[in-house]
Amino acid sequence: DRAANITKSLLNFSRKNLIHSQPTDINEIIRNVDKFLTMVIGEDIRLETACGEQALMVTADIGQIEQVLINLATNARHAMPQGGTLSVTCKVFVMNPEFVKTRGFGEPGHYALITVADTGTGMDNKTQERIFEPFFTTKTLGKGTGLGLSIVYSLVKQHKGYIEVASKTGKGTTFRIYLPLTHNKHISEEQIPGTSLRGGTETILLAEDDEALRTLTKQILTDYGYRVISVSNGKEAIQSFSSNKNSIHLLLFDLIMPKKNGKEAYDEIKEISPDVRILFMSGYTADILESKTLRNQTEILVKPFTAIELASRIRSILDK
């Protein structure tokens with residue numbers, strides 16, 4: 001999961017991956033990532049976190065906000081080779097016109113202010129001006145890519161947020177991230193990891209050329225109560241649909257498959273049944289998906305995905 005999140009962040013940084021935003025509590029994200037941050041910084045650095053009891057709801061991709069915190073913690077670790085303290089706090093911040101005028105960024109409104117501060121070596125003004133540049137690093141050869149903070153900057157911007165840094169040589173560094181609060185405090189069950197989701201008894205035609213993934217996906221859907229017909233390529237999918245067209249409620253197709261890909265199979269099946277519903281699965285990036293002439297309204301589940309994400313999307317499409 002963590003490796004997948006890092007890869008997604010890199011794709012997102014190059015603008016070849018879509019973020020999956022949902023209403024979420026920033027305090028909860030910080031609490032959940034707390035243990036992993038401890039692993040990142042090591043035993044000689046003390047981690048202090050302070051989150052309020054009140055939910056601070058923002059529209060965000062949870063994995064990518066976690067990645068922001070992990071990257072900042074990694075940066076702090078390198079700045080404290082002899083140990084020190086890393087603190088992560090979050091509170092409500094009201095950005096007023098005076099703040100915007102003074103800082104030169106932002107839009108007036110209510111924000112969740114995440115502060116990540118270390119007691120490390122700090123930076124001079126010249127370094128601070130360049131830290132968000134891709135591939136800029138002060139580390140020695142082999143000890144840094146120079147991508148960590150540029151990815152942080154990119155992800156914060158894509159969440160319609162702002163980030164600033166304050167630092168002095170020998171006196172530590174403080175990053176402040178401003179994410180706009182949302183008034184939508186309702187989170188559906190489908191958006192809460194670990195929440196039991198409603199399954200169904202409908203029949204799903206699954207087309208996936210990877211045998212291991214096909215077997216696992218079929219087992220997951222069966223556990224949720226669905227009847228699953230599974231095939232290994234687009235040609236078999238067309239044949240199977242023709243034989244069972246009156247009982248199939250949803251097509252779950254991998255996009256790239258041998259013989260006929262998912263899009264080609266879907267196009268042929270639509271000629272048989274124009275109203276058939278489809279959910280594509282793909283691990284390919286947005287530019288490749290676009291080249292497959294998929295329209296924006298097409299339902300796509302991006303790999304890798306969890307069982308809950310799969311069940312949630314399927315139930316959502318079937319209930320429309």
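**A buried strand, a helix pair and a parallel sheet**

Strand 5 (residues 109-118) is largely enclosed by the rest of the structure, because eight of its 10 residues are buried (buried means under 20% relative accessible area, exposed over 50%, and partly exposed in between, with a 1.4 Å probe and protein chains only). The model is a predicted one, in which local features need pLDDT of at least 70 and side-chain atom pairs count only at pLDDT 80 or more, while totals for chains, interfaces and linings use all residues. Residues are numbered from 1 along each chain as its sequence is written, and side-chain values rest on heavy atoms, with hydrogens and water left out.

As for the protein overall, its secondary structure comes to 11 helices and 12 strands; these are DSSP runs numbered from the N terminus, with helices being H or I of at least four residues and strands E of at least two. Of the 320 residues, 47% are buried. Taking contacts (heavy atoms within 4.5 Å) between residues at least 6 apart in sequence, 71% join residues at least 24 apart. The protein exposes about 17,000 Å², and carbon and sulfur atoms supply 50% of that area; accessible areas come from the Shrake-Rupley method with a 1.4 Å probe, and for residues only the protein chains shown count as cover.

Back to strand 5 and its partners. Two strands are taken to pair if DSSP finds at least two bridges between them. Strand 5 pairs with strand 4 (residues 84-95) in the antiparallel sense, over 10 bridges, and here L86 stands opposite D118 of strand 5. Strand 7 (residues 173-180) also runs antiparallel to strand 5, joined to it by eight bridges; V116 has F175 of strand 7 as its bridge partner. In a regular strand, side chains alternate between the two faces of the sheet.

L69 has a relative accessible area of 3%, so it counts as buried. Leaving aside residues up to four places away in sequence, L69 touches I29, I30, V33, L37, V88, I114 and V116. One of these, I29, is 40 residues from L69 along the chain, yet the two C-alpha atoms are separated by 9.6 Å.

L69 also belongs to a helix-helix contact. Helix 2 (residues 26-41) and helix 3 (residues 62-79) pack at an angle of about 40 degrees with their axes 9 Å apart; axes are lines fitted to C-alpha atoms, for helices over the stretch in contact, and angles run from 0 to 180 degrees between N-to-C directions. Helix 2 brings I26, I29, I30, V33, F36, L37, V40 and I41 to the contact, and helix 3 brings I62, I65, E66, L69, I70, A73, T74 and R77. Sorted by class, that makes 13 nonpolar, one polar and two charged residues (nonpolar covers Ala, Val, Leu, Ile, Met, Phe, Trp, Tyr, Cys and Pro; charged covers Asp, Glu, Lys and Arg; the others, Gly among them, are polar).

Strand 10 (residues 248-254) and strand 11 (residues 278-282) run parallel and are joined by four bridges, with L251 opposite I278 of strand 11.

Most residues other than glycine have a negative phi, and most peptide bonds are trans. K160, not a glycine, has a positive phi of about 60 degrees; K160 is in the loop between helix 6 (148-158) and strand 6 (162-167) and counts as exposed at 66% relative accessibility. K259, likewise not a glycine, has a positive phi of about 70 degrees. K259 is found in the loop between strand 10 and helix 9 and is exposed too, at 67% relative accessibility. Finally, the peptide bond from K303 to P304 is cis, with omega near -5 degrees, and P304 belongs to the loop between strand 12 and helix 11 (307-319).
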